[in-house]
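Please examine the sequence and the model shown below before reading on. The paragraphs that follow lead through the structure one region at a time.

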Amino acid sequence: MTVRTRFAPSPTGYLHLGGLRTALYTYLYARKNGGKFILRIEDTDQEREVPGAVEKIYNSMRLAGLEYDEGPDVGGDYGPYIQSQRKDTYLPFAMQLVESGAAYPCFCSKEELDERRAAATADGGQWKYDKHCLSIPKEEALRRMQNGEPFVIRQNIPTTGTASFEDALYGHVEAPCDTLDDNVLIKQDGLPTYNFANVIDDHLMGITHVMRGTEYLSSTPKYNLLYEALGWTPPTYIHMSPVMKDSTRKLSKRHGDPGFEDLLAQGYVKDAIINFIALLGWCPDVKKYGEKEFFTMDELIEAFDLNGLSKSPAIFNTEKLNWFNHEYIMKMDFEDYLAMATPWFDKALAGKNIDYRRLAELMHTRTEIFGNVPEQVKFLAELPEYDIDIYTHKKMKTNPEVSLKALQLARPAIAAIENFTEDNVKEVLMNLAAANDMKTGQMMWPVRIAISGLASTPGGATEIAYLIGKEECLRRIDLGIEKLS
RNA sequence: GGCUCCUUGGUCAAGUGGUUAAGACACCGCCCUUUCACGGCGGCUACAGGGGUUCGAAUCCCCUAGGAGUCACCA
């Protein structure tokens, strides 16, 4: 049997990281098993739908490298892949259930239900639909439906016994039927609820493995009741733990947590995000992969297996993502790095005459997130305000007096350099230090401070001197001398 | 609150009755060094608690605690 998996988001916004991970695992499982990966849009709640969200989903999937074999915008033999376009396929199945007694029409209005629910809940009690409309004779119910009376169709959950399912990760999960509610299957607007649509579509689309978040763990026993009533074989279920912001809160865009595309915009590289997110809640077989932690998409496909999935929630740890990003950037080909860094350099240095190639060489191992690059290099465009305290460095054996002396010596020496290269600047300053009985650091540190205004910089005094050029260098040293005098 | 599920260091996690309880991130220290970064070396910190079962329990069972999910004409 060919494996068929599906990612089924609802178009309510951009792809968040929990969704991305679910999509990734679902994709990996299909690819690993030579199966098909399907994208289905679950838009049965027209009120929640956000315009443009569907396109965002397509785009994010592409950016993430999660190519689907079937989907709304790529076609396939099981379409349409947008649930609102399948509206007419659900009711017949619901009526089949009504016929067999596994479901029944309900005419209670929303207002009536709200009242009854409020009354039942008022004293802290529980509320479950009271099967009020189950007692309506079937003929009468059908007549009322035909007469155009508004109705919904509810699942008729048995009042005794248990409902259960087998999960590939969590094992046997069962719930007492009397704790389960008679959920609405078909809404008044004729569209199905998730509770019904997922069962119908997964079956009709031949989905063999349903991979989704644990939020569905407790309602899945009910879905199995539906499969049973329809005479269908349930798929293999694989529920996956959520990605958390901290130990008690789920990662969510409502709390301002970044989505996949936000991360991209902040200067994270796609492969680092995928690599990191893959390892959040899943671990490759140590026997096969040892301590390996860098995986390309192809390697993830090769390594992915259900055994490595974790049952408990994982906290999204930005520190580790940053580390992955930094590693990926350092591994990047230099030309690629230069190309990617250039727009970020421009944000701080546009219009300045700076050697980007040389700057990129210096920045390559120092870039953790591209978004931080402008801040890291903007001192080249403009000398920041700084406190003379930073001239003092214990290990370099510098203080304001030593620094002033160093700058006063360096000023004319630098001014005299004809060919202003890093090597020449370095040679001149080193010789100058030696000739005046100073340690190298006692010369280099003050010069670097004076020309950068920062305690730490990408590159040392000579690199910075070269980047900003001789004139700017002299100007900044003069300012330093002034400050220290 | 009912139901379902989860629980190894600050974080990600390996581990499926016998291990000195891996590794990674972060943090700290040392080395390298004109700062930072890179790189190298080292260190810190964990089986939620309590009962069993067993010669032996992170691993099996029970209880407690904590956390999560769910209880919609949302998905």
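The text below treats loop residues, backbone geometry, aromatic rings, cysteines and a pair of helices in turn.

The model is predicted, and every value given here was computed from it.

Is Met205 buried or exposed? Its relative accessibility is 0%, and because buried means under 20% relative accessible area, Met205 counts as buried. Its surroundings bring in residues from other parts of the chain: leaving aside neighbours within four places in sequence, Met205 is in contact with Arg4, Arg40, Tyr78, Pro80, Tyr81 and Arg86.

Two of the residues just named deserve attention of their own. Arg40, one of the contacts of Met205, is placed in the loop between strand β2, residues 36-39, and helix α2. With a relative accessibility of 0%, Arg40 also counts as buried. Which residues does Arg40 touch, not counting those up to four places away in sequence? They are Arg6, Phe7, Ala8, Pro9, Tyr81, Gln83, Asn198, Asp201, Asp202 and Met205. The C-alpha atoms of Arg40 and His203 are separated by 13 Å, and these two residues are 163 residues apart along the chain.

Pro80, another contact of Met205, lies in the loop between helix α2, residues 53-64, and helix α3, residues 87-100. The peptide bond that joins Gly79 and Pro80 is cis, with an omega of about -10°.

Thr193 has its place in the loop between strand β7, residues 184-186, and helix α6. Its relative accessibility is 12%, and Thr193 therefore counts as buried. Beyond the residues up to four places away in sequence, Thr193 touches Val184, Leu185 and Lys187. His16 is located in the loop between strand β1, residues 4-7, and helix α1, residues 17-32. At 33% relative accessibility, His16 counts as partly exposed. Setting aside residues up to four places away in sequence, His16 touches Lys253 and Gly259.

The backbone angle phi draws attention to two other loop residues. Lys397 has a phi near 55°, a positive value in a residue other than glycine. Lys397 lies in the loop between helix α15, residues 373-377, and helix α16, residues 400-415, and at 47% relative accessibility this lysine counts as partly exposed. Asp437 likewise is not a glycine, although its phi is positive at about 60°. The loop that holds Asp437 runs between helix α17, residues 422-435, and helix α18, residues 440-452. At 74% relative accessibility, Asp437 counts as exposed.

The next topic is the aromatic rings. How many aromatic pairs does the structure hold? There are 18. One pair is formed by Tyr289 and Phe295, whose rings lie edge-to-face, 5.9 Å from centre to centre and with 65° between the planes. Both Tyr289 and Phe295 are buried. Elsewhere, one aromatic cluster is formed by Phe276, Phe294, Phe316, Trp323, Phe324 and Tyr328.

The cysteines can be described briefly. A search of the whole structure finds zero disulfides. Cys283 is partly exposed, with a relative accessible area of 43%, whereas Cys473 has a relative accessibility of 0% and counts as buried.

The last topic is the packing of two helices. Two packed helices are described by the angle between their axes and the distance between the axes. The axes of helix α13, residues 334-349, and helix α14, residues 356-363, come within 9 Å and cross at roughly 105°. The helices α13 and α14 are therefore roughly perpendicular to each other. Which residues of the two helices meet? From α13 they are Phe334, Glu335, Tyr337, Leu338, Thr342, Phe345, Asp346 and Leu349, and from α14 they are Tyr356, Arg357, Leu359, Ala360, Glu361 and Met363. The residues of this contact divide into nine nonpolar, one polar and four charged.

Notes:
Residues numbered from 1 in each chain as written. Chains lettered and ligands numbered in written order. Predicted model: local features only at pLDDT ≥ 70, side-chain atom pairs only at ≥ 80, totals over all residues. Heavy atoms only, no water. Axes fitted to C-alpha atoms, helices over the stretch in contact; angles between N-to-C directions. Helix = DSSP H or I, 4+ residues; strand = E, 2+ residues; numbered from the N terminus. Parallel < 35°, antiparallel > 145°, perpendicular 65-115°, else oblique. Contact = heavy atoms within 4.5 Å. Nonpolar A, V, L, I, M, F, W, Y, C, P; charged D, E, K, R; others polar. Buried < 20%, exposed > 50% of the residue type's maximum accessible area, 1.4 Å probe, protein only. Disulfide = S-S within 2.5 Å. Phe/Tyr/Trp six-rings, centres within 6.5 Å; stacked < 30°, edge-to-face > 60°.
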